[in-house]
Structure formats: structure tokens, C-alpha cells
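Please examine the model below before reading on.

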Amino acid sequence: MKNGIFGIINIGSSAIRMQISEFKNSKERILESIVTPVALGLDTFEKGYISLEKAKETAQILSKFAKKLDEYKIWGNYKAICTSAVRDAQNKYFFINYINAKTQLDIEIIEETHEMYIKYLGIMHDIKNFDKLSQEGLLLAYLSSGSLSLSIKAGDVDLFNSVFNSGSLRQYLLFKDINSSIRFKAYEEQMGKIISTLKQNCNELSKIKHMVGCGSSINLLVKVLKPKSNKITYKALNTLYKSIKSSEPQAISQMYSISLNDANIIVPIVCSFSYLLKMLNLDGFLFSNATFPNQLMNYYSKSFKEKSVNKKILNQVVAYSKKYNNDLKHAKKVLHFANRLYNQLKNIHSMSQKEKMILDCACVLHDVGYYIGVNNHHQHSYYIAKSINIPGIDKEIIDYVAASVLFHRNKAKIESEDELLSAPIEKILVLKKIIALLKIADALDASHMQIIEDIDIEVSENQVKITAIALKIPFLEELTFKNKSTDFLETFGIEPKLYIKLKHE
Amino acid sequence: MPDYPIIAIIDIGSNSIRLQVAQSLEKSYRIIQDYREILRLGDCVFSKGYIDGQTADLFYKNMEVINNLIQNHKATIIRAVGTAALRDAQNAYEIVKTTKERFGIDIEIISGKEEAYYNFLAVLYNFDIKNMNALTIDIGGGSSEIVISQKGELVDSYSTLLGCTRLKHEFLKKDPPSQSSIYAMKDFIEETLQNLDDINIDTIVATGGTLNNIAIMYYMSQNKKATSYAKYVPRSYVKSLINTLRRMKIDDIKKIKGVEEKRADIILPACMVIESIMNFYNVEGFYTFMGGLRTGLLIDTLNKIGLSFPFQTLDSDLKFSRLIELGNKFNFEEPHALCVNDLAKKLFEQLKQTLTLQDKDFALLEAACILHDIGTYISFSKHHMHSYYLITNSDLTGFSIKQKNMIATISYFHRGSLPNKSHKFYQSFSKKKKDKIKKLAAILRIADGLDRSHRSFVKDIKVSIEKDNIKIVAISSEDTFLEMKAANAKKNLLEKVTGKKVSII
């Protein structure tokens with residue numbers, strides 16, 4: 001990580017926040033932290049768009065923030081990120097363009113899953129024994145003004161990830177015309193719906209032993225409940241809920257000395273967390289009160305590090321593929337062959353670690369499309385791969401993986417797919433290399449029966465000799481190899497030849 | 001889940017040998033392996049009268065691959081049947097005996113009538129022919145099996161010698177064929193057909209690999225994607241194809257787009273058989289789908305072990321039970337789907353006059369109600385898009401491809417933005433169809449909104465229609481905050497299509 005000063009601007013649903021930090025020898029010192037309330041979410045969640053008035057107000061605030069960038073001379077060292085209030089606005093592009101014209105700031109909309117990933121990394125660094133909790137089964141609940149993101153982890157994999165449009169502000173706006181004495185019932189119905197979705201999509205809820213909460217809602221909860229440690233108990237939450245659920249916001253505001261805006265959203269916040277705890281049958285949850293700007297800061301300044309990311313991604317993808325009744329024996333065999341090819345042919349293919357990871361994922365996913373239909377399963381596999389939303393796997397990787405699985409069959413030809421024709425030649429080359437290896441690996445287990453146990457690879461001047469050690473004569477494999485190895489020749493300019501050696505001869 | 005058996009079906013035909021492995025489920029099955037090799041046993045049998053040594057070797061080699069595949073999938077029930085080629089081969093007994101000795105597989109040689117029955121079962125499973133007079137024909141290499149049914153009941157079945165390989169060997173001995181031989185073949189076909197019942201036929205459903213190949217050629221000639229499961233081919237195309245092929249050499253036929261090389265010589269006879277039938281019954285086209293005999297055998301085998309299909313056991317019609325099967329495959333919330341369907345039915349009945357919809361339009365709405373949420377299986381976010389993909393890529397019994405696409409489009413619009421110019425798949429429909437889609441989607445949106453919490457709280461609906469207003473009263477004994485919110489948020493499309501203000505209370 002570099003030493004230096006970094007700036008983060010976060011345009012949220014109810015406030016715009018800025019943080020400026022100095023990093024020296026991996027230590028962070030926060031120089032400034034500014035919060036200016038502006039309720040963009042009010043516009044987006046109610047009207048669907050951001051009014052010009054709000055855009056103007058935002059531009060004024062951001063002009064001041066921009067001056068800070070001048071002051072610290074960090075125009076080359078900042079990130080400005082917007083979340084759901086802008087992401088969900090119909091006129092988001094106008095908004096971004098408008099802000100840029102008025103302030104010169106380049107602002108980015110962060111994708112939902114990426115946002116979840118950054119928050120996840122933040123929590124991972126903030127909560128003690130995170131790995132252990134996560135191994136034992138953990139629900140991460142990120143509740144902000146705009147959305148409620150839920151992520152369930154057990155062992156090494158994610159069992160569930162989804163973002164619901166049920167942020168505290170959004171819920172309040174949705175039901176604000178219902179009398180405040182019974183409004184809580186609407187919040188309860190809303191949570192009931194989310195919980196039934198969870199139950200429908202994740203049948204291992206009973207495995208979950210812990211819950212961690214995070215997001216802008218936590219600060220408000222802490223302010224009201226004043227917990228002694230970083231744990232909020234179900235008991236405390238429930239007592240609070242009973243006392244506020246039917247109260248007028250004015251009364252809540254006075255009772256807990258919080259603003260009226262906060263008083264409006266505290267009921268859905270308490271309702272959300274207590275419903276989740278009740279579903280999991282837990283006595284409380286741990287929380288991280290690291291703010292999102294703080295997490296962004298650590299992410300973009302690269303002080304977050306996750307170990308063995310590639311391996312984790314592969315595990316996630318394997319778990320994901322199970323839902324589609326993936327033939328894991330076949331997938332793992334193909335993966336094994338692909339690894340052999342990758343390792344033995346390094347001099348020829350010069351592929352990076354990242355490209356290897358794409359190859360790995362493609363090996364796992366190439367046949368998942370069978371679940372949708374036997375005909376054109378490669379297209380279905382493509383569709384399924386394209387729809388992956390696992391925090392931590394970015395879109396570029398998904399695009400490569402999806403394209404690779406699409407082309408694993410001879411039926412699909414790179415030249416004929418419009419989407420890729422426009423891709424730069426370097427990208428196409430990366431893809432061609434991956435596909436060439438994938439097709440050979442797949443051919444070597446064409447019957448899905450693991451007749452070929454292992455392979456040896458020798459490279460000579462004019463051919464790559466692959467010796468397959470087989471349990472019996474692999475008719476289908478030989479045939480398929482013949483058909484599928486042309487990509488290899490066309491990509492690397494050297495012909496792969498298959499020789500069979502029977503194991504028991 | 002109880003263990004349902006894995007079933008392997010081997011179909012030894014005159015043209016090809018095929019294996020289909022299926023995982024049986026409670027009320028359906030899922031194909032997990034499809035293997036095919038074009039062996040053309042018929043070539044040998046119909047010219048020599050027996051299966052010669054070389055062909056037999058090839059046959060056993062394929063049986064070995066098939067046997068391996070079966071073992072790999074741990075199939076517990078194996079059913080192998082031989083049709084015309086084995087029926088006619090003098091040495092069939094030897095082949096059956098050797099197969100049993102070498103692989104432990106019993107081959108049943110089935111009669112033409114049995115073949116016709118299995119094929120009919122498959123048609124019944126895939127098409128809604130309960131209200132019509134239908135002719136189903138399976139054109140194989142050695143014979144054609146014909147079934148005539150009235151309102152879903154089998155009335156008569158025939159086994160004829162109109163197999164395309166057989167016809168080729170008997171008549172088309174030269175390349176290109178002599179014109180007199182083509183006339184002789186035509187006479188033979190027409191004479192054979194004179195034995196059929198002369199009744200009014202509404203629909204022809206034809207199966208067999210060669211006919212499917214003709215359908216693919218037709219789709220390609222129209223630049224349509226040939227990916228759909230069931231296809232329709234107009235008679236005019238078959239006529240023009242005959243005129244083209246009758247003067248062509250086989251090597252030139254192979255070059256036509258979509259032609260399977262190994263079938264190039266038998267496409268002409270197949271065309272002439274189906275054209276003669278369309279002529280005989282004065283029908284302007286035929287439907288075709290893949291794997292008639294195999295599907296029928298599978299159903300029959302499942303019946304024999306006591307598993308039956310919804311179309312055989314339930315009173316509700318076939319379409320509906322297939323919809324439920326499809327929903328189950330993608331883990332849908334059945335109570336929600338049924339509740340939405342029920343509410344949509346009530347809305348439809350009370351709104352159909354105002355919307356100028358006909359009773360038969362409800363079938364599309366019903367399918368969309370059952371399937372609108374299946375996309376959540378792929379991912380919760382943007383699930384309406386996923387529902388669209390899954391529906392367009394699944395087999396919907398009894399609906400034409402156009403209707404299936406309409407159902408997918410209606411499901412797409414169950415949430416999110418209203419139909420507009422950017423929805424290309426929507427724009428591809430005619431104005432009349434677009435109109436219908438909008439109206440049906442308008443009803444679906446409200447019905448879905450009225451079960452927002454997925455708890456089936458709304459039990460009844462009363463609609464009153466005035467000059468400028470539509471009032472919808474939802475009757476429930478529970479709190480329905482969510483339902484009211486959601487239905488009101490989704491009434492926009494109904495307001496748009498009726499031009500009236502809609503209020504939901």
C-alpha cells in the first residue's frame with residue numbers, strides 16, 4: 001500500500017459524506033470526516049427520479065468537497081461513489097453529468113454486489129474472529145436508508161446473497177401515509193415477505209449460528225440503545241420495539257433525543273433486525289459501526305486484503321453450480337485436466353493467474369445449462385454464468401467466464417457472436433486461449449464417465465503430445481478430441497495429439 | 001426427497017441409436033443425458049436382409065459406450081427397444097443374444113403398433129390435442145407409425161412400410177434419382193395411405209429425426225433460430241423442398257444449410273411421405289418435436305413402476321399440470337402462484353368486457369400467473385427478465401411458440417417498467433398481439449400486487465366499472481398494507497390500457 005493522502009466521497013440516500021485520510025506505513029489517520037444531510041433517497045424512492053432542485057443542492061455541497069481536494073492536492077487520489085439513491089434513479093446519468101459539469105468531480109455508481117463485497121471486507125476486518133464465525137454459519141445484514149442486503153455464509157461459501165429494496169428510509173416512505181399507531185404492522189409484513197423469500201431460497205437457515213449487522217442504521221441503533229460492547233441483544237431490541245412501535249415520531253424523538261428524521265426510520269430499523277434474529281433464533285447480533293466511507297477508504301487505498309481470493313472464488317462458483325444439478329464429477333475432472341494443460345504449457349500460452357481463474361470457473365460452469373434444457377445447453381450455461389451475482393467476483397471476470405462457457409461447444413463460433421466482435425483483439429485473444437484449453441479438457445471427459453484418469457503432456461517442436469491413461473478405450477473422448485482440438489491449433493499454432501494408454505495393460 | 005429411479009431408454013432405430021437417461025421426479029422427469037449416433041442399421045437390413053459383421057461391430061461398439069454411460073449415471077431401470085430394422089433383420093435374435101451376454105441389456109423388439117402407441121403417448125404429453133382430431137406419425141427409417149385420435153382418445157393405429165431408408169432403397173437407386181422412380185415412390189406412398197381412416201383431421205404431429213431435420217432446414221431458411229423444442233413447418237415449404245431435391249445429387253443436398261450429412265439421402269422420401277399425408281387430409285402444415293418414441297417409452301416405463309404424470313391422473317387439463325411441473329423445476333412458491341392465478345381469474349372475468357378480451361385469452365394469462373416468478377431461481381434481482389428467458393427456453397405443452405413468447409412477455413411485464421420502445425422482444429409482436437399482452441400484463445400486475453406478502457390474504461375481488469373510473473375492492477380478513485401499496489403501485493398499466501382512473505381499496 002502506498003503512503004499518502006486519499007479522499008472518499010460517498011453520495012448516499014440520506015447524506016453525502018466525505019472522508020480524508022492519511023496513510024503512513026499502513027496506518028490510517030483520519031484527517032477530516034464530513035457529513036452533510038441531503039435526502040436524495042426521498043426523491044428517488046418516492047418519485048423515481050432526482051429533482052433538479054436536489055441535484056443543485058448536491059452540486060453545492062460537492063463543490064465544497066471539491067475544494068477540499070484542492071486544499072489537500074488530492075485530485076488524483078480520490079473516489080466519489082454513489083449508492084442506491086442514485087443507482088435506482090431513472091435520471092441517474094443526467095445527475096452524474098450535471099454534477100460533473102458543476103464540480104468537475106467524476107462520480108461512479110457502484111454495483112449492488114460490489115457494494116456488498118466492500119462492506120463484507122470492511123466487516124471482516126472489523127469483527128474479531130470473523131473467519132470462525134463465518135465458518136460456523138453467519139448472516140450479514142447491511143441495513144442502510146435505501147436497501148437491506150443479506151448475505152449468508154457457511155463454511156467457505158455463500159449460501160445466499162441478495163439486496164432488497166427495504167432500506168429504512170425507503171420503508172418509511174412507502175408506508176408513511178398509514179397511521180403511525182399501526183404502521184409497524186406494514187413493516188412486519190414487509191419483513192415477513194423477505195423472510196419467506198429467504199426460506200424459499202436457502203434451506204440451510206438452521207445452520208446459521210451468528211449474525212452481524214452493519215450499515216448507517218447501526219449508528220442510530222447504538223445511539224438509542226447504548227450497548228456496552230459491540231453486541232446488541234434481542235432482548236434490548238425487543239423492549240425498544242415494544243415501546244416505540246405504536247408511538248408518534250415526535251414522542252420517539254423526544255424520548256431518545258434523536259432528530260425527527262431519525263425517529264421516523266428507527267421503527268423499521270428495529271423491526272428489521274429483530275425479525276432477522278427471531279428467524280435465526282439468536283439472542284443478539286454483533287455489529288460493526290465502521291461507516292461506509294471508511295470501508296470505501298480502506299478498499300480503494302488497498303488496505304483491505306483478502307487471502308487466497310482465487311481459491312475462494314472457485315469455491316463459490318462450485319457451490320453456485322450445485323443449484324443447477326451440475327455433474328461435479330465431470331466438472332472436477334475437466335478442471336483437473338485444464339490445470340494440467342495450464343501448468344505444462346505455460347511456455348506456450350503465457351496466461352496470467354487471473355486468466356487461469358477464469359478458466360477454472362469456466363470448467364466448473366460449462367455444463368450447468370443442462371438444467372434449463374438439453375438443447376443449446378451452452379447458451380443456457382452462458383445465461384446462468386452471466387447471472388452470477390456473488391460479491392467479490394467482478395463483472396469483467398463474469399463476462400469472460402460466460403463467454404468461455406458459451407464457446408465450449410463447436411456449435412458456437414466466436415466470429416459469429418456480435419457482442420464479442422466489438423471487443424478489442426487482446427480480449428478476444430485471452431478468450432481464445434481459455435476456450436482452446438477448456439475444449440480439450442472437456443473433450444477428455446466427453447462421456448462424463450472419467451474413463452481417462454489422468455494425462456501426461458509432452459511438448460515437442462511440432463506437436464503437443466497428450467497421453468491419456470484410461471481405464472478402457474475412450475471412444476467418445478477420442479472422437480470429441482478430434483472435433484474440439486482445432487481451436488487449440490488455430491490459437492497456438494501447434495497441434496495437440498491424443499495418445500491412449502490403457503491403465504491395465 | 002424420496003429416491004426416484006434413474007431410467008435409461010435405448011432406442012435402436014433404423015437410422016440412429018439413441019440413449020436417453022432421465023432422472024424421474026415426483027410428477028415429471030429431467031433428461032440428464034442424451035446420446036446419439038447415426039448408425040443406419042436399416043441401410044444394411046433393407047438391402048441385405050440382415051445385419052452384417054461390420055455393422056454389428058459398430059453396433060456393439062456403440063452399445064459399449066451406451067452401457068458405460070448408463071453405469072456412470074447409475075441408472076437402475078434400463079429399457080432397450082428395437083424397431084423396424086431389428087424387426088426385419090434375419091439375424092436379430094443373434095444381436096439380441098450377444099447384447100444380453102456382453103452388456104446384460106435386454107432388447108425388446110417392439111411391433112409397429114406398439115411403436116405407434118408410445119409415440120402417441122409422447123404427443124399427448126407434449127401437445128394439447130384433447131379437443132381436436134389429430135394424426136400423429138413417426139417417420140422412422142424402416143416404417144412409419146400412424147395414430148389417429150379424436151379428442152385425445154386413440155381411435156386407430158397403423159404401422160406402414162413408409163420408412164425413409166426403406167423407401168430410398170426400394171425406389172431411389174440412382175443419384176440423382178430418375179424422375180420415373182420418384183413417381184413410382186409417390187404412387188406407392190399414396191396407395192399405402194388409402195388404408196387410413198378418412199376423417200377430418202385438425203392437426204398433424206410428426207416425429208422422427210429426419211422430419212426434425214426438415215424442420216431445422218425450414219427454420220434456417222427463414223433465418224429463425226431453430227432452438228425451440230416444438231416446430232411448425234408449412235406445407236408450402238415441403239412442396240418447394242421436394243421440387244428442389246428431386247433433381248439434386250446427394251453430395252449437393254449435403255451442402256444445403258441445416259442438412260445433417262448422414263440424412264441427406266433420405267430427406268426426399270421423408271418429405272414425400274409427409275406431403276402425401278398433408279395432401280390426403282388437406283392440412284396446411286405439421287408440427288414436429290424431438291424424441292417421440294423415447295419420450296413415450298419413458299412415460300410408459302414410469303407408469304409401469306407406478307409413477308404417473310399429471311396429464312394422466314389429474315382432472316385439470318394437461319397445460320396446467322405442465323405449468324406446475326415447470327414451476328416446481330424452478331422452485332416456485334406454489335401457493336403464491338396459485339393465489340395470483342386465482343385473483344387474476346377474478347379480475348379477468350370482471351374486466352374482460354371493458355378490455356375486449358375473449359375467454360380463450362385467459363389461457364395465456366394463467367400460464368403467466370403460474371410462471372411469473374420462476375426467474376427468481378436464477379437471481380432475485382431482475383427476476384422478471386430471468387422468467388422471460390426460462391419460459392422462452394422451456395417446453396410449454398399445448399402452446400404454440402408465438403403463444404409461449406407472449407406468455408414470457410406477459411411475465412416479463414409483471415414488474416418493472418411498462419412496455420415501451422426499448423423492449424425489442426415486445427416490439428416484434430403485431431399490434432394486435434401487443435395490445436393483448438398489455439391488457440393481460442395489466443391484470444397480472446394487479447393480481448401479483450394483491451398477493452405481495454405471498455400469504456394469500458386477499459380472498460375475493462369486486463370490480464366496479466364506471467365511465468372514468470375502475471374501482472377494485474379486495475376482500476380480506478387480514479391486514480393488507482403491503483398488498484394495497486403494491487397493487488396501487490402496479491395499477492399504472494391498467495390505467496394506461498383502459499384510459500380510466502383505477503382505485504384499489
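**A residue and a sheet**

Me: Which residues does Val502(B) touch, not counting residues up to four places away in sequence?
Reply: This is a predicted model, in which local features need pLDDT of at least 70, side-chain atom pairs count only at pLDDT 80 or more, and totals for chains, interfaces and linings use all residues. Residues are numbered from 1 along each chain as its sequence is written, chains are lettered from A and ligands numbered from 1 in the order written, and side-chain values use heavy atoms, without hydrogens and water. Contact means heavy atoms within 4.5 Å. On that basis, Val502(B) touches Ile470(B), Ile472(B), Lys491(B), Leu494(B) and Glu495(B).

Me: Is Val502(B) buried or exposed?
Reply: Buried means under 20% relative accessible area, exposed over 50%, and partly exposed in between (1.4 Å probe, protein chains only). Because its relative accessibility is 1%, Val502(B) counts as buried.

Me: In which strand does Val502(B) lie?
Reply: Helices (H or I, at least four residues) and strands (E, at least two) are DSSP runs, numbered from the N terminus. By this assignment, Val502(B) lies in chain B within residues 501-504, strand S14.

Me: Which are the edge strands of the open sheet in chain A?
Reply: The sheet has six strands with mixed pairing, in the order S8-S7-S6-S9-S11-S10. Two strands pair if DSSP finds at least two bridges between them. Pairing on one side only marks the edge strands, S8 (157-164) and S10 (231-233) of chain A.
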